[in-house]
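Biologist: Hi! I'm new to this one, could you walk me through it?
Modeller: Happy to, let's open it up.

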Amino acid sequence: MLKTTKDIEDMTKAELLEHLNETVRPEEGSVPAYVLADPKVYELEHKKVFMKTWIFIGHESEIPNKNDYMLRDLAGYSIIVSRNADHSIRAFYNMCTHRGMKLCRADKGNKATFVCPYHGFNFKNNGDLIGVPLQKNIYGEELDKSTMGLKEVRIESYKGLLFGSWNDEVEPLDDFLGDFKWYLDILVGRAEMEVVGAPQRFVIHSNWKIGADNFVGDSYHTMMTHGSIAKLGMVPSATYSKMGYQIHSDHGHGLNLGTPNPDFAFPEELKNEFKANLSEEQYEVLSSLKNMIGNIFPHLSFLISHTKVKGQLISNTSVRLWRPIDADKMEVIAWFLVEKNAPEDWKRRSRESFVLTFSPSGIFEQDDTEVFTDITAAAKGHMPAMKGLTYNYTMGMHREPVEFVGPGVAYDDKFSEANQRNFYKYWLDLMNG
Amino acid sequence: MTVEKMLANYEFEQWLYKEAQLLDDIDFDGWFSLMHQSLIYQMPVRVNKEGTERPDYTADMYCFDDDIELLKLRVDRLKTDYAWAEIPPSRTRRFVSNVKLDEYVPEQKASVNSYLLLYRSRSTDIHHDLISGERKDEFTYENGQWKLSKRLFIVDQTTINTRNLAIFI
Ligand code: FES
Ligand SMILES: [Fe+2]
C-alpha cells in the first residue's frame, strides 16, 4: 500500500486530492482509514460534497398547516423551512439581512412573519422584508426593502421527503435520486406517511461516513453486533440478515432488501392504499419484505424493520441523518414515520418498536454507536495515514449482479460490500468535482 | 409540612438513593425488583419552543417508552454476551437531589419529584457524559413496599450528549 510521504496537514488542496485519488480505491476494495478522521478531508468534504449535493431537511408532514415552520440545518447553516399561505413550502437562510442576527430560534412553530430580535426588521414567511421600525424617519425614502428579502434556499421534494441544496447548479432532485426512487416509493410512497413527534437527536463521537457505510450495505455486522436481538428471540436467527438482495444505483445510493417474509410487515387494513400507490412489482416486493436498510447519498439513512415485540410482529419505518459536526463527531437526527391511515393501535405499537430498537435507547442502535465511536478513535491522528492503514472492502467482488424486479445493480444476498464501494466511488467523484 | 409527610419525604429520598446505588453498582436485577407491574417508564424528546410555553417536550415521541415487559427485556439483554454498548459497563454516578413529595396517601400511593445528574464514563475515554433532568415519579404500595409505577424523565437537552442510552435514567 501507498504510504504518505508528506503530512496531510502540510498538503495543498491539489496534493490532498491527488493523495485521495491514489489511496481511495473502492473498485479495488480498499479505502484508507484517514478519510474517517482527518480534518482536512473533512473540510474538503464540506465544500465538495455537502455544499454541492442535495441534503435532507425534513418531511412535509412536519409542517402540515399554513404558516407552520421548522428550523433545520443545511450543511451547517440554519434554515427556516415554512409552509406559505398558498401551501407551498419554501426555505430561507435564518439570517436577518440587516446585520445578520438569527431570526428564529425555536425548533418549530406557526407564524406568518419573523421579527428580528436585534432591530426589529419584519420578514414574511415568503422571505419578503415587510417592516422596518421607524423606516421613514431614519431612512427617508432611500431604503429599498425589495432588495432585502431573506436568502432563499433551493428545495425540492420526493414523496414527502424534503431536500435542500446550496448549489445553484445542482441537478434536479429527480435525476439525483434516479433509479433509487423505485425503492423510496416502497419506503415513503407506499401510503400517506407522517412523521410522529419531534425527531430524536443525540451526539456520537463518530465520523458521519461510518453511519452511511453501515446503512448503505452492511448487513454482515448484524450477526455479531446485534447478536443480543436474536438471543432475545426478536428476529428469527442470527443469519436471517443474509437473506435478500443488495442493490445500488448511481450517485452512491444503496440498500439491502431483506426478503422473503412469511408475514405481511405492514398494516393489513391498508393493502388497497399500498396497491394504489405502488406498481405491481413494487407491491410484490413490499408483500414479502422483511426489512429494508439503505442510504441516500450522502448521509440520509433509512430503515424498515420488522421484529417481534412482546410476542407480536410489528414493523417500523424511520429515516436518520448522520449530521456532521466535526470530523470525529456527528449528530444523529432520527425521524419516525408511520402510515397516516393505519389503526391507532398499530401506530402506537410501531412507535414503541422504533423507540425500543432504533433510538438513543434502541437495543439495536446502542450497540452500533459503540462500534462507530471506536472506529473513529482508531482512525485519528497521523499514524493511520503515515502507515497507510486501510479498510478492506472486497466482500462480494467475485460475484456477478443478478436480475431483479427493481432497477439498479442487484446481488442476490446481502452480504456484499458492493454498495459501500459504490458509495465511496461517488464520494471520490464529488471530491474531485 | 406535617411530621408524617417529612418522614415520608425522607423515606422516598432513601428509596431514590438506594435505586441510584443499585444502578451504579450495575445490579440490574436488584433494581428491577423495585418496579411495579403497572410500570410506565418514559423519557420524552425535549424540544426548543419559541417562548415560555410548557411543556417543552413532545407528548408523542420518546427516548424511552417502556412498560414492565420491555424494561425486563432491556435488563435481560444486558445479560447476553452481545450487549456491546455496555461491555465493559459504563462507570456511572447518579446524583439525586431536590426530592419533593407531592401527592401522598400512606401505604397506597405517592408522587415524588426529584432532580437527577448522571455522570457517565466509558472505558479509557477521558470524555465523560453528563445527563441532567427531572424525574416525575409515581409510587404504588405493594406487599409492604413502595414500588415505582411511573417515571417521566424530562431531560435537559434537546440533543442528547451521550452516544446512547444503554443506561437507565
Ligand atoms: S440585525 Fe436584524 S434588524 Fe438589525
Ligand atoms: Fe447495526
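**A helix to start with**

Modeller: Let's begin with helix α5 of chain A, where Lys181(A), Trp182(A), Tyr183(A), Leu184(A), Asp185(A), Ile186(A), Leu187(A) and Val188(A) are buried. Keep in mind that this is a predicted model.

Biologist: How many residues of α5(A) are buried, out of how many?

Modeller: Eight of the eight, over residues 181–188, so the helix is largely enclosed by the rest of the structure.

Biologist: Okay, zooming out. How many helices and strands are there in chain A?

Modeller: Chain A has 14 helices and 21 strands.

Biologist: What share of chain A counts as buried?

Modeller: That would be 60% of its 433 residues. As for contacts in chain A with a separation of 6 or more, 66% of them come from residues 24 or more positions apart.

Biologist: Let's switch to chain B. Which elements does it have, and in what order?

Modeller: Starting at the N terminus, the order in chain B is α-α-β-β-α-β-β-β-β. That makes three helices and six strands.

Biologist: How does the radius of gyration of chain B sit with the globule rule?

Modeller: Chain B has 16 Å, close to the 15 Å that the rule gives for 169 residues, so chain B is as compact as a globular protein of that length. Its C-alpha atoms fill a box of roughly 50 × 45 × 30 Å along the principal axes.

Biologist: And burial in chain B, what's the percentage?

Modeller: Buried residues are 50% of the 169 in chain B. Among its contacts between residues at least 6 apart in sequence, 60% join residues at least 24 apart.

Biologist: What about α6(A) and α14(A), what angle do they pack at?

Modeller: About 135 degrees, with the axes of α6(A) and α14(A) (residues 418–431) 8 Å apart. They are therefore oblique to each other too, and the crossing of α6(A) past α14(A) is right-handed.

Biologist: Which residues of α6(A) and α14(A) meet there?

Modeller: On the α6(A) side you'll find Trp208(A), Lys209(A), Ala212(A), Asp213(A), Val216(A) and Gly217(A), and they meet Asn419(A), Gln420(A), Phe423(A), Tyr424(A) and Trp427(A) of α14(A). This contact has six nonpolar, three polar and two charged residues.

Biologist: What is Ile314(A) in contact with, leaving aside neighbours within four places in sequence?

Modeller: Ser305(A), His306(A), Thr307(A), Val309(A), Trp346(A), Arg349(A), Ser350(A) and Ser353(A). Also, Ile314(A) and Glu352(A) are 38 residues apart along the chain, and their C-alpha atoms are separated by 9.5 Å.

Biologist: And where is Thr222(A)?

Modeller: Thr222(A) is in helix α7 of chain A, residues 222–225, and at 11% relative accessibility it counts as buried. Not counting residues up to four places away in sequence, Thr222(A) touches Gly227(A), Tyr240(A) and Ser241(A).

Biologist: One last stop, in chain B: where does Ser121(B) lie?

Modeller: Ser121(B) lies in strand β4 of chain B, residues 109–121. Its relative accessibility is 8%, so Ser121(B) counts as buried. Apart from neighbours within four places in sequence, Ser121(B) is in contact with Ser90(B) and Arg91(B).

Methods:
Residues are numbered from 1 along each chain as its sequence is written. Chains are lettered from A and ligands numbered from 1 in the order in which they are written. This is a predicted model: local features need pLDDT of at least 70, side-chain atom pairs count only at pLDDT 80 or more; totals for chains, interfaces and linings use all residues. Side-chain values use heavy atoms; hydrogens and water are left out. Helices (H or I, at least four residues) and strands (E, at least two) are DSSP runs, numbered from the N terminus. Buried means under 20% relative accessible area, exposed over 50%, partly exposed in between (1.4 Å probe, protein chains only). Contact means heavy atoms within 4.5 Å. The radius of gyration is taken over C-alpha atoms; the globule rule is 2.2 Å times the number of residues to the power 0.38. Axes are lines fitted to C-alpha atoms, for helices over the stretch in contact, and angles run from 0 to 180 degrees between N-to-C directions. Angles under 35 degrees count as roughly parallel, over 145 as roughly antiparallel, 65 to 115 as roughly perpendicular and the rest as oblique. A crossing is left-handed if the near helix is turned anticlockwise from the far one by less than a right angle, and right-handed if clockwise. Ala, Val, Leu, Ile, Met, Phe, Trp, Tyr, Cys and Pro count as nonpolar, Asp, Glu, Lys and Arg as charged, and the others, Gly among them, as polar.
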